[in-house]
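Student: I'm new to this one. Could you walk me through how to read it?

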Amino acid sequence: MPQLLIAFAAVLCATATVVWGRATIGRREVSRRLSKMQIDPDLWRLAEADYRRDLHATFRSAITAVVLATFAIVGLSTLPALLASMLGIPAAITVLRQRNMIEI
């Protein structure tokens, strides 16, 4: 049972990786588009910071998914499994709120 909980958290993190990855691609396109335009440098810096933030979230979700999948395969006792599966909570929030992410 604990391995099932960890596996579910790993799937949530993998799904969050896809959601953040899509957002990252969109932010990169906006940043590239703005870098080619004659605009205020602060606007470009803001777009670049958004891109880097989404890229960081993508890698964090991917690494968490791999770690949790490894824990599910190796097997943990109940308490460490419950603690490890808590890493899936931010991923669950991302997946549930993906419709609210701005598509540019």
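This is a predicted model: local features need pLDDT of at least 70, side-chain atom pairs count only at pLDDT 80 or more; totals for chains, interfaces and linings use all residues.

Student: Is serine 85 buried or exposed?

Tutor: The cut-off for buried is under 20% relative accessible area. Serine 85 has 13%, so it counts as buried.

Student: Which other residues of H3 are buried, and where do they sit on the helix?

Tutor: The general idea first: an α-helix has 3.6 residues a turn, so residues three or four places apart point the same way. In H3, the buried residues are Ala81, Ala84 and Ser85. Looking down the axis of H3, you find them within an arc of 95°, so they line one face of the helix. Leu79 and Leu83 are exposed on the other side of H3. As for packing partners, the buried residues of H3 pack against H1, H2 and H4.

Student: What about the buried residues of H4?

Tutor: Helix H4 covers residues 88-96, and its buried residues are Gly88, Ala91 and Thr94. Their arc around the axis is only 115°, which puts them on the same side of H4. They pack against helix H1 (2-36) and helix H3 (78-85).

Student: How do I read a nonpolar core?

Tutor: In soluble globular proteins, nonpolar side chains tend to be buried together. Here the largest nonpolar core has 14 residues, and those with the most contacts inside it are Ile6, Cys13, Ala16, Trp20, Leu68 and Ala91. H1, H2 and H3 are the elements that give two or more residues to this core. H1 gives the most, with seven residues. Take alanine 16: beyond the residues up to four places away in sequence, it touches Ser61, Ala91, Thr94 and Val95.

Student: What do the side chains of threonine 17 and threonine 58 reach?

Tutor: Threonine 17, in helix H1, has a side chain that reaches the backbone nitrogen of alanine 62 at 3.1 Å. Threonine 58, in helix H2 (residues 41-74), has a side chain that reaches the backbone oxygen of tryptophan 20 at 3.2 Å. Threonine 17 is buried at 17% relative accessible area, and threonine 58 is buried at 13%. Among the contacts of threonine 17 is Thr58.

Student: How many salt bridges are there?

Tutor: Side chains of opposite charge can pair when their charged atoms come close. A search of the whole structure finds five salt bridges. In one of them, aspartate 54 pairs with arginine 27, with the closest N and O atoms 3.1 Å apart. Aspartate 54 lies in helix H2 and arginine 27 in helix H1, so the pair ties together parts 27 residues apart in sequence. Both aspartate 54 and arginine 27 are buried.

Student: Where does aspartate 50 come in?

Tutor: Aspartate 50 forms a salt bridge with arginine 53, the closest N and O atoms being 3.4 Å apart. These two are three residues apart in helix H2, so about one helical turn separates them. Aspartate 50 is partly exposed at 24% relative accessible area, and arginine 53 is partly exposed at 43%. Arg27, Asp50, Arg53 and Asp54 are linked in a network of salt bridges.

Key
Residues are numbered from 1 along each chain as its sequence is written. Side-chain values use heavy atoms; hydrogens and water are left out. Helices (H or I, at least four residues) and strands (E, at least two) are DSSP runs, numbered from the N terminus. Buried means under 20% relative accessible area, exposed over 50%, partly exposed in between (1.4 Å probe, protein chains only). A polar contact is a pair of N or O atoms within 3.5 Å; within protein, one must be able to donate a hydrogen and the other to accept it, and residues adjacent in sequence count only if both atoms are side-chain atoms. The arc is that of the directions from the helix axis to the C-beta atoms. Contact means heavy atoms within 4.5 Å. A nonpolar core is a set of buried Ala, Val, Leu, Ile, Met, Phe, Trp, Tyr and Cys residues joined through side-chain atoms within 4.5 Å. A salt bridge is a side-chain nitrogen of Lys or Arg within 4 Å of a carboxyl oxygen of Asp or Glu.
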